[in-house]
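Open the model in your viewer and keep the selection panel at hand. The tour moves from one stop to the next.

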Amino acid sequence: MTQERFISLVRAEQEPLRRFLLALCSGNAALADDIAQDALVRAYVASGSFLGLSKFSTWLFRIAYNCYIDHSRKARPEQAPVEEALNLAGSDASDKAFRYQQLYLALDKLPEKEKAAIALFYFEDRSIKEISAILGMPQGTVKYELSMGRQHLKQHIQL
Amino acid sequence: MKEIDDFLRENKPQVKDNPTFILEAQQRMEEVEGIRAEVERQHRHGRRALIIALAAGLSLGVLATAVAFLYPVDASTLSQGVGQSVLLFLETWRQYLLLPVALMGIALGLLLFSRKKV
């Protein structure tokens, strides 16, 4: 795959990819973008091995998820992910900002697999089959993670 | 669960516009290309050096074998000295000289006709 082709594919996927990582990073946009950049480099290096058996976006999201997992294993206690959400609420005390604050705080408390399943299903409108391919787990497990994620979120979000 | 479903669908995280995102990615890809080119260059360099070494070894081996078989010497007539020692060595081991020569030939052939993997 040429660099131009890769960039054109990435250009179409950059917003969903960054949003997915933003959800995984519980609202920490700078960290999400850093991980997205790492993921793109990894994907570019491995682009020769992309056979087109799955969609490009599925393949890219899988790499991004693995990058996120690697990063979270390396630097677990370092982040204060809720900070940005709090800043958002401080600068603009709208209802929307409050809801984002709640969302990010709640997402931060979820285990990684649940968080990823929730982000892909609700924020990226991915099918269970696609989520299964991205997270590398059976479809039944994805449904279980989604169910557990919803239950956990309900405990942390005031509706 | 309906409420949480609705809440999540209505509050998708919003990414801020980052016009430099793709540019940064492109820059990193250029760096990757630079590293790839350097690795390829070193690989080519090493391959060339190996081919030259094997070709030189093969030529010398063929020469030594030819000398050993075409000009046999009588070991009892040889005196001391480096040149004499070499002749004595070739005379003693001449039946085995073809083995390393053949091995070098095979290695050279494999190296020349195998696909470059970088």
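## A tour by selection

Start with α7(A). Its buried residues are Glu130(A), Ile131(A), Ser132(A), Ala133(A), Ile134(A) and Leu135(A). This is a predicted model. Helix α7 spans residues 128–135 of chain A and is mostly covered, with six of its eight residues buried. What do the buried residues of α7(A) pack against? Show α3 (56–74), α6 and α8 of chain A: those are the partners. Then step off the end of the helix. Gly136(A) follows α7(A), and its phi is positive, near 65°.

**Next, select residues 112–123 and 139–156 of chain A.** These are helices α6 and α8. Their axes come within 8 Å and cross at roughly 95°. Now show side chains. On α6(A), pick Lys113(A), Glu114(A), Lys115(A), Ala117(A), Ile118(A) and Phe121(A). Facing them on α8(A) are Val142(A), Glu145(A), Leu146(A), Met148(A), Gly149(A), His152(A) and Leu153(A). Color this contact by class: seven residues are nonpolar, two polar and four charged.

**Now go to the core.** The largest nonpolar core has 49 residues. Which residues have the most contacts inside it? Select Phe20(A), Leu21(A), Ile35(A) and Ala64(A). In chain A, α1, α2, α3, α5, α6, α7 and α8 each supply at least two residues of this core. So does α2 (21–70) of chain B. Center on Ile35(A). Leaving out residues up to four places away in sequence, Ile35(A) touches Leu21(A), Ala64(A), Cys67(A), Tyr68(A) and His71(A).

**Bring up chain B.** The contact between the chains takes 29 residues from chain A and 20 residues from chain B. On the chain A side, α1 (3–24), α2 (29–45), α5 (95–108), α6 and α8 each supply at least two residues. Which helix gives the largest share of that side? Select α1(A): 10 residues come from there. By class, the chain A side has 17 nonpolar, four polar and eight charged residues.

**Finally, zoom out to chain A.** Color by secondary structure: there are eight helices and zero strands. Buried residues make up 38% of its 159 residues. Of the contacts in chain A with a separation of 6 or more, 66% join residues 24 or more positions apart.

Key
Residues numbered from 1 in each chain as written. Chains lettered and ligands numbered in written order. Predicted model: local features only at pLDDT ≥ 70, side-chain atom pairs only at ≥ 80, totals over all residues. Axes fitted to C-alpha atoms, helices over the stretch in contact; angles between N-to-C directions. Helix = DSSP H or I, 4+ residues; strand = E, 2+ residues; numbered from the N terminus. Contact = placed C-beta atoms within 7 Å. Nonpolar A, V, L, I, M, F, W, Y, C, P; charged D, E, K, R; others polar. Buried ≥ 20, exposed ≤ 12 C-beta atoms within 10 Å, placed from the backbone. Core = buried A, V, L, I, M, F, W, Y, C linked by C-beta atoms within 7 Å.
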